[in-house]
Amino acid sequence: MRETEILQRPELICPAGTPAALRAAVDAGADAVYCGLQNETNARNFPGLNFSIPDLEQAVAYAHARQAKVLLAVNTFPRAGRFELWRETVDAAARISVDAIIVADFGVAAYAARTHPKLRLHLSVQAGASSPNAIRYFCEEFGIKRVVLPRILTVAEIAEIHGNAPCEIETFIFGNVGMMAEGRCSLTNYATGISTNMDGVCSPAGDVRYVPNAEGNMTSHLGCFMIDQIGRGESAGYPTICKGRYLCSGRTQGYYAFEEPQTLNLSALLPDLIRAGVAAFKIEGRQRSRAYVTNVVSAFRRALDDVLAGRSPEIASLLALSEGQKETQGAYRSKTWR
Amino acid sequence: MHSASGPASHPADARPQLPGLVHVLLRPIPLPLLRPFLAPIAAHVARAHPQLFARLGPHAHKRFLIDPLDLPFGLLLTPDPARPQLDACRREQMPGHDARIAGTFLDLFGLVDGSIDGDALFFSRELQISGDTEAVVALRNALDDMDGSILDSVSAAFGPLSRPASLAISAIRAIRARRTHA
Amino acid sequence: MNAMPEIALGPVLFNWQPEAWRDFYFRIADAAPVATVYVGETICSKRAPLFSEYFETAIERLQRGGKTVILSTLGQVVQKTDRNLIDSICSVEELPVEANDVSALHALRGRPHYGGPMLNIYNGESLRFLAERGMRGVCVPAELSATTLAALCAVASELGVTIEAQVFGRISLALSARCYHARAHNRTKDSCLFVCENDPDGLELSTLDAHSFLVINGIQTMSHSYLNLIGELPELQRMGVSRFRLSPHSCDMVQVAGIFHAVLKQTLAVEEAAAQLGALTPRATFANGFYYGKPGHTWQSASPA
């Protein structure tokens with residue numbers, strides 16, 4: 001890195017599935033923490049996870065006392081007839097003074113912009129805005145201040161979007177990498193009757209089954225479909241359809257038709273992403289433990305501080321926390337990923 | 001706020017195993033001797049951390065078999081707020097259950113202690129889940145919503161035995177840390 | 001208030017040979033009892049030039065056959081070629097356009113246009129917002145249940161927006177930036193050599209225990225089962241759905257359209273229609289689970305209500 005180069009300081013945006021994880025993230029150096037309520041208004045509607053309204057109030061107090069922000073994900077799509085729950089959630093977010101809400105639905109965004117003009121809006125990755133004009137549309141219609149880009153773009157494409165988008169850019173740098181365009185996937189619903197977009201859950205735990213066999217292999221099932229068979233000693237991933245193995249004509253055995261289980265890790269691309277104009281780096285994993293939050297957030301806090309100070313970043317190995325115990329730079333490095 | 005050990009995992013050949021001595025000491029313990037210690041643990045956790053039940057929701061009444069594969073016995077947990085129960089059972093006579101969580105004693109210890117990420121342990125195949133997956137996820141999330149370790153909270157409640165209990169926990173943490181970094 | 005119910009033909013989602021593509025539309029123009037035909041590449045911008053030489057001919061023939069032609073736009077917009085395709089379709093002023101992503105909404109805002117099934121329109125508030133910006137009709141996402149659809153129809157009726165629902169054909173379940181067709185053949189999207197052209201109804205994926213599950217179509221993942229709501233047509237009409245989309249497959253779509261049309265006209269009983277559809281698509285399994293709020297792959301017997 002050239003000595004004279006002054007890099008803009010991006011925010012480090014960290015996940016929290018519980019109040020304890022939120023405190024862990026703040027303590028580990030998060031600039032902002034994102035979380036969701038205990039219902040289908042957010043895309044990690046998992047059993048035992050997330051925040052009640054009183055939890056959220058205390059979390060905001062804890063974070064604000066330490067100069068950290070709290071972002072509330074309200075990023076699912078209300079089914080017709082159920083909009084009231086999303087309206088109440090947006091109202092609560094405004095009342096509690098969260099620093100921004102993260103939205104995806106046209107109706108939710110319109111309601112928030114109209115009713116709470118001072119409430120800062122971020123566009124969720126669930127809105128799938130992957131081109132400058134799509135981003136412009138959301139900015140012009142709803143006053144969106146920041147867009148979270150889908151995990152399907154190269155660094156060069158991100159730089160181009162930054163040059164053409166009238167808002168801040170947030171990109172993922174670590175965590176689960178779903179293969180399908182976010183917010184546009186009903187695979188889970190096809191297998192289980194529960195909708196990722198409307199119910200906020202991909203591969204609901206209640207429909208996941210693991211079946212061990214005598215040889216030490218394990219099959220994973222979603223609804224009535226077998227989605228993978230994991231050999232003895234072979235590492236595993238999340239039981240999602242897009243990381244399963246399937247048969248198709250022309251192939252002699254099962255293959256990862258969409259993607260192998262692995263974790264996105266862009267620690268090596270941080271300087272490039274900052275130069276591309278990214279204003280905020282997001283770590284995925286609201287469904288993970290506070291041990292994960294502490295380890296990953298600390299590692300990226302150090303790495304980011306190193307980059308900004310002109311040192312080459314030293315990133316502690318996070319492989320142990322990674323899905324399939326493999327890492328990837330996914331779409332970001334090159335178009336050949338596609 | 002967390003134990004000094006790093007993230008969860010370790011290649012399969014180097015996974016932390018219980019030292020032979022501990023194994024030898026635990027093997028002959030008659031379960032009737034263990035039980036008087038287990039019941040108060042469940043009662044204490046239920047009393048001191050009522051928010052657990054809100055997170056568990058309908059799963060509070062499920063029976064969780066916690067199965068340390070390198071020990072001769074397993075633990076059956078029924079969080080039920082009205083009548084929380086933790087009981088030991090011989091490997092040869094494992095009781096009926098809704099969900100089973102199996103792994104080495106040290107891994108399960110680290111999970112409850114808050115120093116290991118459950119997903120990571122699952123990815124590395126060192127944690128086995130069967131039965132009611134949703135109940136397991138709810139239990140994991142409920143136990144994770146706490147500052148520090150639930151084990152410290154339990155050991156502090158042990159009255160005259162809290163010092164030895166806390167020493168035992170520290171010793172096991174040290175073993176885990178050593179094994180993990182080995 | 002409800003418009004006369006009509007059959008619509010969705011865009012061809014697969015990479016058919018250009019001549020097959022042209023002949024398909026010629027036949028639809030001449031013989032199919034469909035009122036509206038959507039034309040345009042919605043999956044992969046690399047495919048669009050393949051049939052572009054027949055594009056205008058097909059549209060003219062459809063219009064001569066009395067069909068309303070609506071242009072459909074790409075679902076997933078990432079690369080420059082994708083954006084160029086959106087721009088070129090949305091700049092056509094003579095024909096209405098159906099938007100399948102938000103960048104197309106950006107271009108179509110303020111003039112009459114339609115919303116495609118790849119847009120996320122799940123509730124009345126979204127519909128109202130989009131109607132205020134010129135949306136005249138919506139083909140709803142396939143995963144809506146009857147309850148949700150009925151609630152959406154009630155708002156649409158107030159707004160004067162036409163509600164359309166897919167009633168036949170494989171269901172679009174997911175989009176990606178990665179081409180899974182290319183991946184299946186160890187290629188990448190840029191070096192695909194149009195390997196998708198060998199699968200006129202998509203490339204079938206089955207589970208490791210050999211159950212049919214999904215179908216790959218370029219960047220799109222679809223259901224293996226064909227959506228079939230022939231038994232639900234009367235109820236759909238009652239709730240206010242007025243356009244019924246058939247998604248094209250390699251089976252005889254003129255006959256498929258004839259069967260649906262006859263049921264709409266009440267000249268063919270549902271049971272007989274279902275049997276005829278089965279005979280036309282002997283390899284297909286049918287599903288209607290989404291409509292009943294059940295797993296989408298399942299088949300539920302139509303409720304007597």
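**Figure 1. Burial and overall dimensions of chain A in this predicted model.** Of the 338 residues in chain A, 62% count as buried. The chain carries ten helices and 15 strands. Along the principal axes, the C-alpha atoms of chain A occupy a box of roughly 55 × 55 × 40 Å. If you like to think in contact order, take the contacts in chain A between residues at least 6 apart in sequence: 62% of them join residues at least 24 apart.

**Figure 2. The two domains of chain A and the contact between them.** Across the boundary, 14 residues of domain 1 of chain A are in contact with ten residues of domain 2 of chain A. Sorted by class, the domain 1 side of this contact has four nonpolar, six polar and four charged residues.

**Figure 3. A close-up of the largest nonpolar core.** This core has 260 residues, and those touching the most other members are A:Ala25, A:Val33, A:Ile101 and C:Phe260. Helix α10 (residues 290-308) of chain A makes the largest contribution to the core, with ten residues. Both domain 1 (11-177 + 262-337) and domain 2 (187-256) of chain A give at least three residues each to this core. As general background, nonpolar side chains in soluble globular proteins tend to be buried together. Zooming in on A:Val33, and leaving aside its neighbours within four places in sequence, we find it in contact with A:Cys14, A:Ala16, A:Leu22, A:Ala25, A:Val26, A:Ala63, A:Ala68 and A:Val70.

**Figure 4. Where chain B meets chain A.** Here 34 residues from chain B and 33 residues from chain A make up the contact. On the chain B side, α3 (51-56), α5 (118-123), β5 (128-131) and α6 (133-144) each supply at least two residues. The largest share of that side is the seven residues of α6(B). By class, the residues of chain B that touch chain A divide into 14 nonpolar, twelve polar and eight charged.

**Figure 5. Where chain A meets chain C.** In this view, 54 residues of chain A are in contact with 57 residues of chain C. Elements of chain A giving two or more residues to its side are α4 (106-115), α5 (132-142), α7 (187-192), α8 (196-199), β10 (225-230) and β11 (245-248). With five residues, α7(A) provides the largest share of that side. The chain A side has 29 nonpolar, 18 polar and seven charged residues. Strand pairing also crosses between these chains: two bridges join β11(A) to strand β8 (residues 203-206) of chain C, and the two strands run antiparallel. Look for A:Leu247, whose bridge partner in β8(C) is C:Ser206.

**Figure 6. A parallel strand pair in chain C.** Strand β2 (residues 36-39) of chain C runs parallel to β3(C), and four bridges join them. Within this pair, C:Val37 stands opposite C:Val69 in β3(C). Strand β3 (residues 68-72) of chain C is mostly covered, with four of its five residues buried.

How values were computed
Residues are numbered from 1 along each chain as its sequence is written. Chains are lettered from A and ligands numbered from 1 in the order in which they are written. This is a predicted model: local features need pLDDT of at least 70, side-chain atom pairs count only at pLDDT 80 or more; totals for chains, interfaces and linings use all residues. Domain bounds come from an automatic or database domain assignment. Two residues are in contact if their C-beta atoms, placed from the backbone, lie within 7 Å. Ala, Val, Leu, Ile, Met, Phe, Trp, Tyr, Cys and Pro count as nonpolar, Asp, Glu, Lys and Arg as charged, and the others, Gly among them, as polar. A residue is buried if 20 or more other C-beta atoms lie within 10 Å of its own, exposed if 12 or fewer, and partly exposed in between; C-beta atoms are placed from the backbone. A nonpolar core is a set of buried Ala, Val, Leu, Ile, Met, Phe, Trp, Tyr and Cys residues joined through C-beta atoms within 7 Å. Two strands pair if DSSP finds at least two bridges between them.
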